[in-house]
Amino acid sequence: MAFYVVQFLTGLASAASLFLVASGLSIIFGVTRIVNFAHGAFYMIGAYVAFTLTERLSGAFGFWGGIVMAAIAVALIGVIVEMVLLRRIYHAPELFQLLATFGLTLMVEDIVVLVWGPDDLVGRRAPGFRGAVDFFGQNIPSYDLFLIVLGPVVLGILWLLFQRTRWGVLVRAATQDRDMVAALGVNQKWLFTSVFAVGVFLAALGGALQIPRDAVHHAMDLRIIVEVFVVVVIGGLGSIVGAFVAAVLVSELNAFGILIFPKISIILVFLVMAVVLIVRPWGLFGRPEAAARKTPGLTVNPWRPLTSNERLAALAALAMAATLPLFAGNYALSVGSEIAIFVIFAVSLHFLMSVGGLASFGHAAYFGLGAYGIAFLAKMAGLPMIVCLLLGPLLGCVGAAVFGFFAVQLSGVYFAMLTLAFAQIVWSIAFQWVSVTGGDNGILGVWPSSWAASPSRFYWLSLGVAALVTVALRIAVFSPFGYALRATRDSPLRSEAIGIDAKRIQWTAFVIAGTTAGIGGALFAYLKGSVFPDNLGISLSVDALVMVLLGGVETVSGAVIGAIVYKALNIWLVSQTDLSKLVLGGFIVVIVVVFPKGIVGMLEMLAQRRSKASPPGSPLLAKPIGSAE
Amino acid sequence: MNRAPPILAVEGLTKSYGGIHAVRGVSFALQAGEILALIGPNGAGKSTCFDMLNGQNRPDSGHVRLLGEDTTGKKPREIWRLGVGRTFQITATFATMTVRENVQVALVSHARKLFNLFGSAPNFDRSEAARLLELVGMGGYADRPCGELAYGDLKRLELAVALANQPKLLLMDEPTAGMAPRERVDLMRLTATIAREKSIGVLFTEHDMDVVFEHADRIIVLNRGNVIAEGSPAEVRGNPQVQAVYLGEGLVYDARHRDGAPA
């Protein structure tokens, strides 16, 4: 019994930090509508800075002062980031801010290694809370008890801040309707900056307070950000109380899950999140998102099929790509195959995200399912490669059919979060069900048949499939179905009023996108000769998002270019420098600020400008997004 | 007189939000080719009524019969399939598509080709799309991006989209809201002409009394969720209760007003 009580208290203590970080994310999202991917990075910097300060400063005052100073210092960094970067992109297409903050996260991961080294750092114990309290023979660290008290105290302070101060009232008002707050003459710039600062302060404080409990290391950002997303979604975006309740819930699930369901401990949290989202799509304490007032005419470039000249150009490019094996070595060919495979992956997400307006944060699940499908068929059933390639992606198709059915019931950020949860569930299964999937060791020895085994042949196979998939999806974009899908994205109200069953259309699109991603995954399994849980992990899902956004989410063919540029750059940077993440992250941030429409979007704009001497449309519509304030 | 069964029959429609009765026991009928205006001051329950006819909102009690079929509680898309076109108070169009493509989506849906993955939507029934756009005077705008249209043009585009399924009934919620005076008159004349030609029933709500009295065959007046008057424009104009409700708001309609409106 005592053991369970101690376990419960440990869970509560973990909830404190989680709550701090989650409440910060929640406040920032509520007011600015930015899903701050860099929140985990700020948490990590908070921990590192606090580590340095508490090592340098002595005594109890030095420790606690160091913690608070670290949080303030990181909040200042947050202010700079907000003013220099985010202010320029508040009006960029939705999710572009996510890309920018993801770029920041990449940069931070390399910067902390540069400054603090790659090794885990073990910080000081907290003065006054070094010992443990005896509880019926079980030890509870007294620092845990401190954290258990701290959580509700911070909740109380935040509550007072939001209920009793003018600033708090403005924040609550902006969370409900920020356009109205702006219309009432509130200086939005400073409101956004201050909110961002408070949010980052909370994240950094959460990180700083972890140092007596956990080692500081350079991968702690991704781990926390996923958990925090889960907490915020369960609690309801924008709700502080929700964040608290959900933080406790998630921490307790983690604490007891490992005891009661060790087999599925990792899934448990995501399972709960999926159930909450299905039953209460806006989280336990959240409210339905008010429909955003759309800025009219953001997209003034309607899509059109390629002209015959452009088709010839695309064919020529493909033909040139096909000549690669004539002069390139094996390494270049395997890089080429990988890029082709990622083109498949990117265009599949593009179909869902750009055409359907459904940004999946867990698209790697279907890529990975395709890969595992191949591994099962080839290794266990021993089927020939052709059969495997035809059947393997079906696993992605089935996964997309099941998960997609639930996911399309939601939209916007909640859709993104549910897809993330589903992807994590699939990842956890692959990771924990060792007897079938090999767990972390993966499934090895998945090699192509002899007809496709040579690097040049496999390259041609990948290139051919990528070209076929791209063409097929392009045809689908301009098919009646593609138009119906865009219609559900542009105006749910109007599409319902002309007889379109949006959910069925979106579900179908989800299955198409999932199956296509599965094709990419199938080829990837053969390329690498193995399958690992990472093939359906979060970072791969984020890669797909970045590729689509980089190419241009509002274009038809951006994903192809985005995938080629991102993947080539990624592989090249990893081979050239130890600081590949720093360079890549910086590159992403620059792209977002300078070319908010993505690479292809920018090219289209230039072409349009050249064809018309005067700017198109009315001046109001032609205003570049980057300069909109 | 032996009349055909009405295309729209509403019986005892009631809806309340919390303690507020938005609509109480509203009943009326609409004949083919008839233009019926639903008017009333702000908060009278017009939009609530409208949304229940269209399926966006479910009534607490009462029935809606469209073309002899009970459609109470059906979804908007099911009601559309029965032949009901809809325009919105604030236009709802597909902003990233061209004007023609907006109409084509409706035509695709009408032809039940929504799940066709291999056809060419840009070439889908261009002649019918052109005919509809010509009908509402938007023929020259077919290739313009919908996102850069003026508001009055968006309203006309909505009308073209609403006509794409050859409706027997048009539901128009404040069809001329936000338009310039000249455009208002033009749009309603156009609607009236089309309705009479094709014998389409039109139910519309409107705040502009010029529009209402010039085009409505019959008027229903709502106040606080109740029908307080019903009849020809002349009857409604002479109704003292209506005058009381509208005192100082809209009943300054007279012949001079009408002459002032450009033809």
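Predicted model: local features only at pLDDT ≥ 70, side-chain atom pairs only at ≥ 80, totals over all residues.
**Entry 1: confidence**

I then asked myself which elements of chain A have the lowest and the highest mean pLDDT.

Helix H1 covers residues 2-32 and helix H2 covers 39-56, and A:Arg33 lies in the loop between them. Is A:Arg33 buried, exposed or partly exposed? I noted 19 C-beta neighbours inside 10 Å, so A:Arg33 counts as partly exposed; burial would take 20 or more.

I followed the chain into H2(A). Its 18 residues should span 26 Å at 1.5 Å a residue, and I found the end C-alpha atoms 26 Å apart, which agrees. H2(A) is mostly covered, with 14 of its 18 residues buried.

In helix H3 of chain A, residues 59-89, I stopped at A:Ile80. A:Ile80 has 11 C-beta neighbours inside 10 Å and therefore counts as exposed. I also looked up how A:Ile80 lies relative to A:Gly382: they are 302 residues apart in sequence and 57 Å apart in space, C-alpha to C-alpha.

**Entry 2: a hairpin in chain A**

I looked at strand E1 (residues 132-135) and strand E2 (residues 138-141) of chain A, which pair in the antiparallel sense over 4 bridges. Opposite A:Phe135 I found A:Gln138 in E2(A). The hairpin has 2 residues between the strands, and A:Phe136 takes a positive phi near 45° there.

**Entry 3: helix H14 of chain A**

H14(A) runs over residues 330-355, which makes 26 residues. How far does H14(A) reach from its first C-alpha to its last? I noted 36 Å, close to the 38 Å expected at 1.5 Å a residue. H14(A) has a kink of about 25°, and I placed its centre on A:Leu349. I also checked burial: 21 of the 26 residues are buried, so to speak a mostly covered helix. After H14(A) comes A:Gly357, with a positive phi near 70°.

**Entry 4: where chain B touches chain A**

I turned to the contact between the chains, which takes 34 residues from chain B and 32 from chain A. On the chain B side, helix H2 (76-81) and helix H3 (99-110) are the elements that give two or more residues. H3(B) gives the most, with 6 residues. I sorted the residues on this side by kind: 19 are nonpolar, 9 polar and 6 charged.

**Entry 5: a sheet in chain B**

I traced an open sheet of 4 strands in chain B, with antiparallel pairing and the order E2-E1-E4-E5. Why is one side of E2(B) and of E5(B) left without a neighbour in the sheet? Strand E2 (20-30) and strand E5 (69-70) of chain B stand at the edges, each with a single partner strand, so one side of each has no neighbour there. I then looked at how E5(B) is joined to strand E4 (residues 61-66) of chain B: by 2 bridges, with the strands running antiparallel. The bridge partner of B:Leu66 is B:Glu69 in E5(B).

**Entry 6: further along chain B**

Between helix H5 (151-162) and strand E7 (169-173) of chain B there is a loop that holds B:Gln166. B:Gln166 is not a glycine, yet I found a positive phi of about 45°. With 11 C-beta neighbours inside 10 Å, B:Gln166 counts as exposed.

My last stop was strand E9 (residues 218-223) and strand E10 (residues 226-231) of chain B, an antiparallel pair over 5 bridges. I found B:Val221 opposite B:Ala229 in E10(B). This hairpin has 2 residues between the strands, and B:Arg224 takes a positive phi near 50°.

Conventions: Residues numbered from 1 in each chain as written. Chains lettered and ligands numbered in written order. pLDDT = per-residue confidence, 0-100. Expected span 1.5 Å × (residues − 1). Bend = angle between axes of the 7 residues up to and from the residue. Buried ≥ 20, exposed ≤ 12 C-beta atoms within 10 Å, placed from the backbone. Contact = placed C-beta atoms within 7 Å. Nonpolar A, V, L, I, M, F, W, Y, C, P; charged D, E, K, R; others polar. Pairing = 2+ DSSP bridges.
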